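Open the structure in your viewer and keep the selection tool at hand. This tour goes stop by stop: what to select, and what is there.

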Amino acid sequence: MKKVFLKELRMNVKVLLIWGLAVGGLGMACILLYDSMQGDMKQMADAFSNMGAFSDAFGMSTLSIATLKGYFATEVGTVHGLGSGMFAAILAIGILSREEEGHTGEFLLSLPITRSKTVAVKGAVVVFLLFLFTVFCGIFYAAGSAILGEQLPAREFLVFMSRQLLMNLEIAGICFAISSLSGKNRTGAGIGITLLFYIFDLTGRVVPDLKDYLYLGPYSYANASEIFSGAGTPANALIIAIAVMICGAAFAFFCYNRRDLAA
Amino acid sequence: MAYAIEIDHLTKSYGKNRGVVDVSLKVKEGDIFGFLGPNGAGKSTTIRSMLGFLKFKEGSIRIMGMDSVRDHEKILANVGYMPSEAWFYGTMRVSDVIRYAADVRGLDCTAEAEKLCDRLRVDKNKKIRELSLGNRKKVSIVCAMQHRPKLFIFDEPTGGLDPLMQKNFFDLVYEYVREGATCLLSTHVLPEVNKYCRNAAIMREGRLTMLESPDIDDETFLRFYEEDL
């Protein structure tokens with residue numbers, strides 16, 4: 001199993017680096033831009049905080065984008081949330097189905113490794129890569145604020161990155177289950193699911209009637225503005241996230257063990 | 001008499017489509033068994049059911065005395081399989097693929113792999129994506145043989161191989177069989193069965209017919225392709 005794990009890591013390391021550099025680098029660039037925008041930020045912060053529901057949706061009513069904390073939460077929070085969600089989806093939705101689509105499934109599964117072990121190893125690779133991705137981006141963001149000579153509040157920053165990791169794992173859990181269903185890579189569906197969750201969260205924050213259902217989506221508990229403004233822990237959303245993750249993994253085991261594999 | 005393969009009333013369908021119907025087959029240990037039949041006859045379905053790629057509800061399969069479902073992992077440790085389409089991870093080098101196959105088995109097959117690569121003239125430094133079908137097949141042969149399995153399952157192994165490599169391949173099969181291995185050879189090529197196999201069966205429209213002898217003439221062979229059984 002160790003050899004399969006290492007091979008999977010090697011095969012996905014390029015994707016990790018590309019996405020890590022793109023998302024982490026973009027986030028860092030945003031942080032570095034803060035310095036040059038600081039002069040105009042005061043007026044912008046006032047304008048953005050008075051846009052009603054939209055200010056609420058992007059957290060600008062509770063946090064001032066004139067501070068690094070507020071700027072990070074509104075700008076980098078969005079970049080990281082969307083970027084990491086897409087990375088999680090793309091990674092997980094292809095990890096099982098890729099073997100059949102690339103016709104390598106017969107080679108892998110003719111080796112003495114059960115389907116359950118294959119699912120376990122590939123699931124572990126997804127979790128490990130998402131963890132590495134989070135650390136990678138976290139280092140970029142910390143480096144960006146260090147270059148500015150400012151510091152993000154450590155506790156909130158760690159909570160934000162941890163919740164983002166959980167959100168990535170939840171999306172990955174859903175996509176991992178889809179990956180076990182057929183031998184076709186459904187990258188488009190993965191990106192679509194991520195965008196759907198993001199739009200659901202955004203809409204829920206703008207439309208008052210939907211607010212009570214926000215906890216159903218993974219972006220609810222990973223919202224940077226709420227975390228950096230010190231909102232309480234959304235326990236129900238976190239429980240749902242863990243349940244979805246477990247169900248996704250269990251479904252993948254169940255389905256992959258019972259279906260015919262394409263040649 | 002011990003059997004390497006025992007298939008008992010195997011029926012496998014794909015939804016409403018026929019796969020194989022009531023297939024029963026026994027292959028003795030030490031045999032080179034020819035498995036003939038037209039495209040879509042059910043040869044690959046039978047093989048893929050044996051290896052656990054396909055799930056079946058009717059019938060049973062025993063490989064080397066072990067149940068193909070319950071003892072799946074143990075069976076695969078003792079089987080060398082070569083699929084008809086030899087696909088590997090395109091970005092890996094040939095040497096990495098061969099070593100990876102051995103590593104997953106938890107074996108050091110360096111010496112055997114070297115021997116096989118020499119005999120089959122495999123360029124180990126090339127990337128998989130740079131290889132032709134014939135060269136991918138040669139890599140597949142090395143992966144199937146390097147751990148010296150008790151049972152070989154070859155699905156159309158010689159397609160894409162030049163005549164010299166075809167001869168080298170069968171020489172290797174003979175060497176391993178002389179040492180006690182068994183070989184199931186699925187093929188379209190009648191001369192291969194006539195020349196190398198000791199027993200044979202032919203599949204048509206999902207049903208299997210045992211041949212009294214693998215030495216059948218072209219006319220009889222082609223009748224299986226053209227007429228109803």
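Predicted model: local features only at pLDDT ≥ 70, side-chain atom pairs only at ≥ 80, totals over all residues.

**Stop 1: two helices of chain A**

Select Arg115(A), Ser116(A), Val119(A) and Gly123(A) in H6(A).

Now show the two helices whole. H6(A) covers residues 115-148, and H10(A) covers residues 235-258. How do their axes cross? They come within 9 Å, at an angle of roughly 145°. The crossing of H6(A) past H10(A) is right-handed. The angle between the axes and the distance between them are how two packed helices are described.

**Stop 2: a positive phi in chain A**

Stay in chain A and pick His103(A). Its loop runs between helix H4 (97-101) and helix H5 (105-109) of chain A. Check the backbone here: His103(A) is not a glycine, yet its phi is positive, about 60°. Most residues other than glycine have a negative phi. Is His103(A) buried, exposed or partly exposed? It is partly exposed, because 16 other C-beta atoms lie within 10 Å, and the cut-off for buried is 20 or more.

**Stop 3: where the chains meet**

Colour the two chains separately. How many residues of chain B are in contact with chain A? There are 19 on chain B, in contact with 20 residues of chain A. On chain B, select helix H2 (72-77) and helix H3 (94-104), the elements that give two or more residues to this side. The side of chain B that touches chain A holds 13 nonpolar residues, one polar and five charged.

Keep H3(B) selected. Its buried residues are Val94(B), Val97(B), Ile98(B), Tyr100(B), Ala101(B) and Ala102(B). After H3(B) comes Gly106(B), with a positive phi near 70°.

**Stop 4: the two domains of chain B**

Colour chain B by domain. Domain 1 takes residues 3-78 + 149-226, and domain 2 takes 87-147. Their C-alpha centres are 23 Å apart. Across the boundary, 12 residues of domain 1 of chain B are in contact with 11 residues of domain 2 of chain B.

Which helix gives the most to the domain 1 side? Select helix H6 (residues 163-178) of chain B, which gives five residues. The domain 1 side of this contact divides into nine nonpolar residues, two polar and one charged.

**Stop 5: the largest core**

Select Val97(B) and Val142(B). In the largest nonpolar core, which has 73 residues, these two touch the most other members. Both domain 1 and domain 2 of chain B give residues to this core, so it lies between them. In soluble globular proteins, nonpolar side chains tend to be buried together.

Centre on Val97(B). Setting aside residues up to four places away in sequence, Val97(B) touches Phe88(B), Tyr89(B), Met92(B), Ile128(B), Val139(B) and Cys143(B). Another core of 63 residues lies apart from this one, with Leu68(A), Val76(A), Ile93(A) and Met245(A) among them.

**Stop 6**

Start with Leu208(B), in strand E10 of chain B. Leu208(B) counts as buried because it has 23 C-beta neighbours inside 10 Å. Beyond four places in sequence, its contacts are Val23(B), Leu25(B), Ala201(B) and Met203(B).

Move on to Pro214(B), in the loop between strand E10 (207-211) and helix H8 (218-226) of chain B. With 20 C-beta neighbours inside 10 Å, Pro214(B) is also buried. Show Gly34(B), Val193(B), Asn194(B), Cys197(B), Arg198(B), Asn199(B) and Ala200(B), which Pro214(B) touches beyond four places in sequence. Pro191(B) is 23 residues from Pro214(B) in sequence, and their C-alpha atoms are 9.5 Å apart.

Finish at Glu156(B), in the loop between strand E7 (151-155) and H6 of chain B. Glu156(B) has a positive phi of about 45° although it is not a glycine. Is Glu156(B) buried or exposed? Glu156(B) is buried, because 20 other C-beta atoms lie within 10 Å.

Technical notes
Residues numbered from 1 in each chain as written. Chains lettered and ligands numbered in written order. Core = buried A, V, L, I, M, F, W, Y, C linked by C-beta atoms within 7 Å. Buried ≥ 20, exposed ≤ 12 C-beta atoms within 10 Å, placed from the backbone. Domains from an automatic or database assignment. Contact = placed C-beta atoms within 7 Å. Axes fitted to C-alpha atoms, helices over the stretch in contact; angles between N-to-C directions. Helix = DSSP H or I, 4+ residues; strand = E, 2+ residues; numbered from the N terminus. Left-handed = near helix turned anticlockwise from the far one by under 90°. Nonpolar A, V, L, I, M, F, W, Y, C, P; charged D, E, K, R; others polar.
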